[in-house]
Amino acid sequence: MKKLILLSLLLLVSPVLVFAQSIDDEITLIQAEFGMGKKQLVEAYMDLPESVANSFWSVYQQYEAERQLLARERLLIINDYLESLDSIGEDEANSLATRTLNNDLALSKLHKTYFKKFKKATSAKDAAKFLQIDVYIHNTIRNAMQQELPFIDEN
């Protein structure tokens, strides 16, 4: 299951980058493609009974709207990093690191908030199951992106 998810996510994200015009266009395209693919993966993994499916998907839509804002900021941080990589100084390094840490913290807070909402809409087990797949998906993507990003002062 994990290999299928990873392969699906990488296939979703990689072709989009080639055709985009600007960073805003790229982010919009990535989020549109990713959102559709992610929903299909979550739907297959969760396999919710009809009695809670509508409640779950209602909360999911709210969650995704908020998560996309954080993902957009994360992609902008990465873009800023790549644009300043050749001349990164103390101030830029500090700003990028602080923004990244704040973004990570905001995502963790979002997970905590929505775990409670998913639990209320479904059950603790279903909420934990969603959190598990969501964290897995995002960690997999972050890991793949991190492997492609150059380190500071790497030549």
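Me: Which helices each supply at least two residues of the lining of the second largest pocket?
Reply: α3 (50–84), α4 (90–121) and α5 (124–148) do. Helices here are DSSP runs of H or I with at least four residues, numbered from the N terminus. This is a predicted model, where local features need pLDDT of at least 70, side-chain atom pairs count only at pLDDT 80 or more, and totals for chains, interfaces and linings use all residues. Residues are numbered from 1 along each chain as its sequence is written, and side-chain values use heavy atoms, with hydrogens and water left out.

Me: How much space lies in that second largest pocket?
Reply: About 370 Å³, taken as the space filled by probe spheres set on grid points joined across faces, edges and corners. Among its 17 lining residues, Ile 78, Tyr 81, Thr 100, Gln 146 and Leu 149 are the closest to the centre. A pocket is an open set of points on a 1 Å grid over the protein atoms alone, where a 1.4 Å probe fits, with protein on both sides within 12 Å along at least five of seven lines; lining residues have an atom within 4 Å of a point.

Me: What does the lining have by class?
Reply: 12 nonpolar, 3 polar and 2 charged residues. Ala, Val, Leu, Ile, Met, Phe, Trp, Tyr, Cys and Pro count as nonpolar, Asp, Glu, Lys and Arg as charged, and the others, Gly among them, as polar.

Me: New topic. Where is Asp 47 found?
Reply: In the loop between α2 (23–46) and α3.

Me: Is Asp 47 buried or exposed?
Reply: Exposed, because its relative accessibility is 64%. Exposed means over 50% relative accessible area, buried under 20%, partly exposed in between (1.4 Å probe, protein chains only).

Me: And where is Asp 153?
Reply: Asp 153 is in the segment after α5. Asp 153 has a positive phi of about 65 degrees and is exposed at 66% relative accessibility.
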